[in-house]
Each structure stands twice: as C-alpha cells, then as structure tokens.
Amino acid sequence: MPDALILEFAGLTDADYAAVNANLGIDPETGKGDWPAGLLSHAGGPGGDGTFVVVEVWSSQADQAAFMESRLGSALGAAGVTVVPAVRWVPLRAYHVPGT
C-alpha cells in the first residue's frame with residue numbers, strides 16, 4: 001500500500017512553489033512535465049496560517065527519498081528555499097482515485 005506525505009513549509013509563498021516546480025520541469029496546474037517515478041498524486045496550496053502545504057501519495061518512501069536526492073533538493077536550493085518543512089508520513093490503509 002502506498003504512503004502519504006504531508007509537508008508544511010513555514011513562510012513558503014506561491015512564487016516559491018512555482019519556482020521549485022519550474023526548476024523541476026513540472027506544471028502542477030496542467031499536470032504536464034517530468035513527474036518523478038513513484039509519485040501517485042500531488043497537491044499543494046497555502047495552509048491559511050502562513051504555511052504552504054504539499055500533500056503527496058508515493059508508491060514508497062524510498063521513491064520519494066530517491067527523488068529528493070536526485071532532483072528535489074537541488075530544485076529547492078535553486079529556488080532559494082531554505083526552510084525545512086515539517087514532515088509527516090502516513091501509512092495508508094486505502095488509496096483510490098475515483099473514476100479511474
């Protein structure tokens with residue numbers, strides 16, 4: 001069963017999020033781009049309390065770790081994002097994509 005990942009970035013802005021995704025070659029609005037292997041779903045938006053929240057579902061934590069090491073870390077750095085997010089992994093008991 002896949003794992004959900006919840007990342008909460010204090011002070012991250014929409015512009016920061018857009019810059020990181022541009023560095024990755026991903027367009028989260030259209031879904032086009034070079035998405036990483038093992039990523040099943042991705043959502044991101046402002047948390048309303050000064051945080052920016054990213055919620056993802058991964059095939060495995062190892063897939064996410066490989067992405068972090070190979071691409072995401074440098075994309076964050078290139079965008080000037082230095083804040084370390086609060087990280088929470090949730091082992092899923094169910095994961096469904098309605099309509100597929």
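1. Aromatic pairs. Two aromatic pairs turn up in a search of the whole structure. Rings of Phe, Tyr and Trp (its six-membered ring) pair if their centres lie within 6.5 Å; planes under 30 degrees apart count as stacked, over 60 as edge-to-face and the rest as tilted. In one of the pairs, the rings of Tyr17 and Phe52 have centres 4.7 Å apart and planes at 35°, so this pair is tilted. Tyr17 sits in helix H1 and Phe52 in strand E5, 35 residues apart, and the pair links distant parts of the chain.

2. Basis. This is a predicted model: local features need pLDDT of at least 70, side-chain atom pairs count only at pLDDT 80 or more, and totals for chains, interfaces and linings use all residues. Residues are numbered from 1 along each chain as its sequence is written, and side-chain values use heavy atoms, with hydrogens and water left out. Helices (H or I, at least four residues) and strands (E, at least two) are DSSP runs, numbered from the N terminus.

3. The sheet. Four strands make an open sheet, in the order E4-E5-E1-E6, with antiparallel pairing. Strands pair if DSSP finds at least two bridges between them. E4 and E6 (86–91) are at the edges, each with a single partner strand, so one side of each has no neighbour in the sheet. Neighbouring strands are turned by 15° against each other on average, direction ignored.

4. E4 and E5. Strand E4 (residues 39–46) pairs with strand E5 (residues 51–58) in the antiparallel sense over seven bridges. Ser41 stands opposite Val57, and Gly45 opposite Val53. The hairpin has four residues between the strands, and in it Gly48 takes a positive phi near 85°.

5. E1 and its partners. E1 and E5 pair over eight bridges, in the antiparallel sense. Here Ile6 has Val55 as its bridge partner. E1 and E6 are antiparallel too, over six bridges. Ala4 stands opposite Val90 in E6.

6. H1 against H2. Which angle do helix H1 and helix H2 make where they pack? The angle between H1 (residues 14–24) and H2 (residues 61–78) is about 130°, and the axes are 8 Å apart. Axes are lines fitted to C-alpha atoms, for helices over the stretch in contact, and angles run from 0 to 180 degrees between N-to-C directions. H1 and H2 are therefore oblique to each other (under 35 degrees is roughly parallel, over 145 roughly antiparallel, 65 to 115 roughly perpendicular, the rest oblique).

7. Helix contacts. Val20, Asn23 and Leu24 in H1 meet Phe67, Arg71, Leu72, Ala75, Leu76 and Ala78 in H2. Contact means heavy atoms within 4.5 Å.

8. H2 over the sheet. H2 lies across strand E1 (3–10), E5 and E6. Its direction is at about 125° to E5.
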